[in-house]
Amino acid sequence: MNNVVATHIIRFILLVLIQVTICNNINFLGFINPYIYIIFILLFPIRDTRIQLLLVSFLLGMLIDLFSDSGGVHAAASVVLAYTRPVILKTSFGMLYEHKTIKFSNTDLGHLITYVTLATILHHTIMFSLEIFNVSNIILILKKTLFSSIFTIIVSVLIIILFSRNRK
């Protein structure tokens, strides 16, 4: 097993553990939680096959659902995020994605924030829509999506900067 695979396995396990032990218990203002486990999907290698990403994203979401007793909403939102990731990457990084030369440790902060923001909003919209699953509660869905997204974006960008950036 090479170093890259070991790094991704450790990242997977750590993000699941941090999510289920710390982040799921924050409940800031009663409904705001960061969902940092999506960092794994965001930082998954670009050159790996899409089917690998979809399968690992499903497994990641199912583990979060298992520990959170949330009935599959995390798995569904994670698979949708993994499926739409190429579009989000192309929107955020443009030609860098076309040439498969994105290195998340060296990316411009603006591109990184755009990428994390688009992915987080998509993920949270799907997740809260499935969790609440009632059109009459659209305000609640939007409120939970907005505030949890802001919290998740801030925490995720800080984690990515702290642990993925090249030290100069």
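Mentor: What follows is a close look at one helix and then at its surroundings.

This is a predicted model, where local features need pLDDT of at least 70, side-chain atom pairs count only at pLDDT 80 or more, and totals for chains, interfaces and linings use all residues. Residues are numbered from 1 along each chain as its sequence is written, and side-chain values use heavy atoms, without hydrogens or water.

Take helix α6. Helices here are DSSP runs of H or I with at least four residues, strands are E runs of at least two, and both are numbered from the N terminus. Helix α6 covers residues 109-132, which makes 24 residues. Check its length. The expected span is 1.5 Å times one less than the number of residues. Just past the helix, phenylalanine 133 has a positive phi of about 50°.

Now look at what α6 hides. Buried means under 20% relative accessible area, exposed means over 50%, and partly exposed lies in between, with a 1.4 Å probe and protein chains only. The buried residues of α6 are Leu112, Tyr115, Val116, Ala119, Thr120, His123, His124, Met127, Phe128 and Ile132. An α-helix has 3.6 residues a turn, so residues three or four places apart point the same way. Contact means heavy atoms within 4.5 Å. Among the elements that cover these buried residues are α2 (38-42), α4 (73-93) and α7 (138-164).

Serine 78 sits in helix α4. Serine 78 counts as buried because its relative accessibility is 0%. Setting aside residues up to four places away in sequence, serine 78 touches Tyr37, Ile41, Ser57, Gly61 and His123. His123 is also one of the buried residues of α6.

Next, α7. The axes of α6 and α7 are 8 Å apart, at an angle of about 140°. Axes are lines fitted to C-alpha atoms, for helices over the stretch in contact, and angles run from 0 to 180 degrees between N-to-C directions. The crossing of α6 and α7 is right-handed.

Finally, the rings. Rings of Phe, Tyr and Trp (its six-membered ring) pair if their centres lie within 6.5 Å; planes under 30 degrees apart are stacked, over 60 edge-to-face, and the rest tilted. The whole structure has five aromatic pairs. Phenylalanine 28 and phenylalanine 151 form a tilted pair, because their planes stand at 50°, with centres 6.5 Å apart. Phenylalanine 28 is partly exposed at 49%, and phenylalanine 151 is partly exposed at 26%.

Back to α6. Tyrosine 35 and phenylalanine 128 make an edge-to-face pair, 6.1 Å between centres and 70° between planes. Tyrosine 35 lies in the loop between α1 and α2 and phenylalanine 128 in α6, so this pair ties together parts 93 residues apart in sequence. Tyrosine 35 is buried at 7% relative accessibility. Phenylalanine 128 is buried too, at 1%.

Technical notes
A crossing is left-handed if the near helix is turned anticlockwise from the far one by less than a right angle, and right-handed if clockwise.
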